[in-house]
Amino acid sequence: MSTVTLAPTTQQPTSKTAAGLGGGDKAKHAMTSTWPSKAQDQRTASERLLAMMGLASYSSLKTPAPVEPPVYPKDAPVPVFPLWKMYLFVSPRVAAPLLAHAAFEHFTGITINRAAAMALYSISLIFIGISFVRWCNRTALQFGTFDAQAGRDGVPDVDTWHVVRELLFIAISRPLVGVYFLYRPGEPLLSLKSLVMFPLNMFIYAVILDFYFYWYHRLMHEVGFLWRFHRKHHTTKHPNAALSAFADHEQELFDALIIPALTWLTWRIDFATWFGTTVYILYVEAFGHSGIRAYFQIPTTWPLRFLGCELCIEDHDLHHRQGWKKSGNYGKQTRLWDAIFGTCKPRIESTQQNIDWNLSTPPPLPKHST
């Protein structure tokens, strides 16, 4: 079986202000990613871990040689990725640990305590997150990416350990909120009411979470001394899914702990609903950083499309291409708060004229394209 490499790039920051760096060699090499092309025995421990997690390549596509995503002109039709395919992909990953948990307690009579629940759901999120990144890499190879002529940034050589640590931090810290606030050992894990109410609770939870995220994200862009906690994440101008975890520790603390805690205190949900919603939110965060050239209806908040407030992949992609005080598009689950508070930025490729609702597969490449 051949290995398909998601094209490593040498995309570099074009200005000191946009990158949020200090210039010189640090700015020049901040996003240089050459490690995916190394032989296995030449990789460092962190590089081997990233490769094992599928962040260097995706090897399930049967192709005779390494390939790169197709490059479409900006006015080419943008396909609409079917919502049902996203639910079909994510729902089993939500159900598996919950069903395993419930089955274990039912058949053994042993109650899973908080420490065991923390371990179960942290390990589950690690494997779920890896599967999301792999899926994004594969889908990008099929559909291409926005602003494709610029290529996509890979995990930079100088930050491979940083990305490994942040990915593990996300997987371990997010269950802290759910287990601490919501998990009650001995209480029924699943109920008919939680299943019936899950779509509505997920929608409300995601909208509230995005309200808190919107304001903390916007403040990091608009308040000078807060930018230092966000500028690392903006070193990448064309991120891939793995770079959703490319951030300063302070940012990850807010993303993984503080914002979810504020959301739960605002909208109380049970543990199973929280876990399922968190998995879907992680999925949106992954493909939101992937740059995949398709219109994704957001599975957590898709009804907002009827209000013209649904987020799409290009919105956050455009956010990354901008710098400190001019990014806009601060939402990560919706476009609702950007629309209300006037920070929406115009789309370039995902315009109403370009989106083809009858197209769910990559369009043919124009004859002049290579």
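Reader: How far apart are the end C-alpha atoms of residues 167-183?
Author: Happy to start there: this is a predicted model, in which local features need pLDDT of at least 70 and side-chain atom pairs count only at pLDDT 80 or more, while totals for chains, interfaces and linings use all residues. Residues are numbered from 1 along each chain as its sequence is written, and side-chain values use heavy atoms, with hydrogens and water left out. Residues 167-183 are 88% helix and 0% strand; helices (H or I, at least four residues) and strands (E, at least two) are DSSP runs, numbered from the N terminus. From end to end, the C-alpha distance is 23 Å.

Reader: Which residues does UniProt place under the feature "transmembrane region"?
Author: The feature comes from an unreviewed UniProt entry. UniProt positions are given in the numbering used here, with shortened feature names, and annotations may be inferred rather than shown by experiment. In the model, residues 116-135 are 100% helix and 0% strand, and their end C-alpha atoms lie 29 Å apart. The record places the feature at residues 116-135, 167-183 and 195-215.

Reader: And how many helices and strands does the chain have?
Author: For some background, the chain has 370 residues, of which 56% count as buried; buried means under 20% relative accessible area, exposed over 50%, and partly exposed in between (1.4 Å probe, protein chains only). Among contacts (heavy atoms within 4.5 Å) between residues at least 6 apart in sequence, 81% join residues at least 24 apart. The chain holds 11 helices and 5 strands.

Reader: Which elements each supply at least two residues of the lining of the largest cavity?
Author: A cavity is a set of points on a 1 Å grid over the protein atoms alone where a 1.4 Å probe fits but cannot get out, whereas a pocket is an open set with protein on both sides within 12 Å along at least five of seven lines; lining residues have an atom within 4 Å of a point. The model has 6 cavities of 30 Å³ or more, and the largest has a volume of about 270 Å³, that is, the space filled by probe spheres set on grid points joined across faces, edges and corners. Of its 18 lining residues, Leu125, Gly129, Ile130, Leu167 and Ile170 are the closest to the centre. With the largest share, 6 residues, coming from α5, the elements that each supply at least two are α5, α6 and α9 (271-288).

Reader: Which elements give two or more residues to the lining of the largest pocket?
Author: The largest pocket has a volume of about 420 Å³. Its lining counts 21 residues, and Val94, Leu195, Phe198, Pro199 and Tyr280 lie nearest the centre. The elements giving two or more residues are α4 (83-108), α7 and α9.

Reader: How far apart in sequence are the parts that Asp147 and Lys74 tie together?
Author: A salt bridge is a side-chain nitrogen of Lys or Arg within 4 Å of a carboxyl oxygen of Asp or Glu. Asp147 lies in the loop between α5 (114-143) and α6 (160-181), and Lys74 in the loop between β2 (57-58) and β3 (78-81), so the separation of the parts tied together is 73 residues.

Reader: Are Asp159 and Lys232 buried or exposed?
Author: Their side chains meet in a salt bridge at 3.1 Å, N to O. Asp159 lies in the loop between α5 and α6 and Lys232 in the loop between α7 (192-222) and α8 (249-266), so the pair ties together parts that are 73 residues apart in sequence. Both Asp159 and Lys232 are buried.

Reader: Which residues do salt bridges that share partners join into one network?
Author: Asp317 and Arg321 meet in a salt bridge at 2.9 Å, N to O. Both lie in helix α10 (residues 313-321), 4 residues apart, about one turn of the helix. Salt bridges that share partners join these residues into one network: Lys74, Asp147, Arg152, Arg293, Asp317, Arg321 and Glu349.

Reader: Which residues does Ala76 touch, not counting residues up to four places away in sequence?
Author: Ala76 lies in the loop between β2 and β3 and counts as buried at 7% relative accessibility. Leaving out residues up to four places away in sequence, Ala76 touches Arg293 and Asn354.
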